Amino acid sequence: MNTLFLLFYEFFKAGLFAVGGGLATIPFLTDISNKRGWFTLTELADMIAVGESTPGPIGVNCATYVGFKTAGIPGALTATLALILPSYIIICIIFGFLQKYKESKLVNDTFAGLRPAVTGLIAAAGWSVLQMAVIAPVQAAAAFSPALLKPAVLLLVLLGLSYWLKYKKKDLHPLAYIGLAAVAGIVFAM
């Protein structure tokens with residue numbers, strides 16, 4: 001099949017069913033990785049890290065990257081458009097519907113029912129990231145390894161620093177946390 005068609009199909013499907021925003025696309029991205037082999041799970045973890053620290057929705061950033069990696073600029077445009085198109089179509093339909101039925105108990109109850117589903121999708125995404133970033137490397141080592149000591153210490157330092165900063169300096173901008181994490185990563189990589 002044509003690569004652009006497959007990119008459109010996979011990312012349209014992710015955009016259609018990933019209710020709850022960018023993190024909800026992670027289980028779909030994992031499925032695309034397993035099914036199509038366009039990127040590895042390690043690359044997915046890197047995409048998530050970069051996508052979280054750059055402007056824009058993480059799902060769109062990942063779709064653009066995968067599309068570019070798979071089929072260049074046409075692939076990036078195709079994957080990005082495919083991911084956002086379902087939301088655009090659905091919002092156009094829902095807007096007209098909600099204007100007419102915005103006081104309806106059924107409509108309000110439906111949105112209340114979607115909240116736990118969104119929470120579940122985001123929790124599944126968090127679990128996937130935890131597995132890729134922490135559990136899989138530890139399982140691969142099978143036993144204690146000095147190579148695991150450095151990332152474990154870095155994790156503890158960053159958690160402790162984040163906790164301390166959150167409660168001592170409440171006005172610190174999120175970019176400061178990203179910058180501190182980057183500095184810590186550079187220092188620990190040496």
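## Helix H2 and its end

Just after H2, Gly37 adopts a positive phi of about 70°. This is a predicted model.

An α-helix has 3.6 residues a turn, so residues three or four places apart point the same way.

The model holds six salt bridges. One of them joins the side chains of Arg36 and Glu10, with an N to O distance of 2.8 Å. Arg36 belongs to helix H2 and Glu10 to helix H1, residues 3-17, so this pair ties together parts that are 26 residues apart in sequence.

Are the two partners buried or exposed? Glu10 has 1% relative accessibility, so Glu10 counts as buried. Arg36 has 29% relative accessibility and counts as partly exposed.

Glu43 and Lys69 form another salt bridge. Their closest N and O atoms are 3.3 Å apart. This pair also links distant parts of the chain. Glu43 is in helix H3, residues 41-53. Lys69 is in helix H4, residues 58-101.

Glu43 is partly exposed, at a relative accessible area of 23%. Lys69 is partly exposed as well, at 40% relative accessibility.

Which residue does Lys105 pair with? Its partner is Asp109, and the closest N and O atoms lie 2.9 Å apart. Both residues are in helix H5, residues 105-141. They are four residues apart, so about one helical turn separates them.

Lys105 has 60% relative accessibility and counts as exposed. Asp109 has a relative accessible area of 40%, so Asp109 is partly exposed.

Some salt bridges share partners. Through them, Glu10, Lys13, Asp31, Lys35 and Arg36 are joined into one network. The network includes Arg36 and Glu10, the pair that meets at 2.8 Å. Within that pair, Glu10 is the buried residue, while Arg36 is partly exposed.

Note on methods
Residues numbered from 1 in each chain as written. Predicted model: local features only at pLDDT ≥ 70, side-chain atom pairs only at ≥ 80, totals over all residues. Heavy atoms only, no water. Helix = DSSP H or I, 4+ residues; strand = E, 2+ residues; numbered from the N terminus. Salt bridge = Lys/Arg side-chain N within 4 Å of Asp/Glu carboxyl O. Buried < 20%, exposed > 50% of the residue type's maximum accessible area, 1.4 Å probe, protein only.
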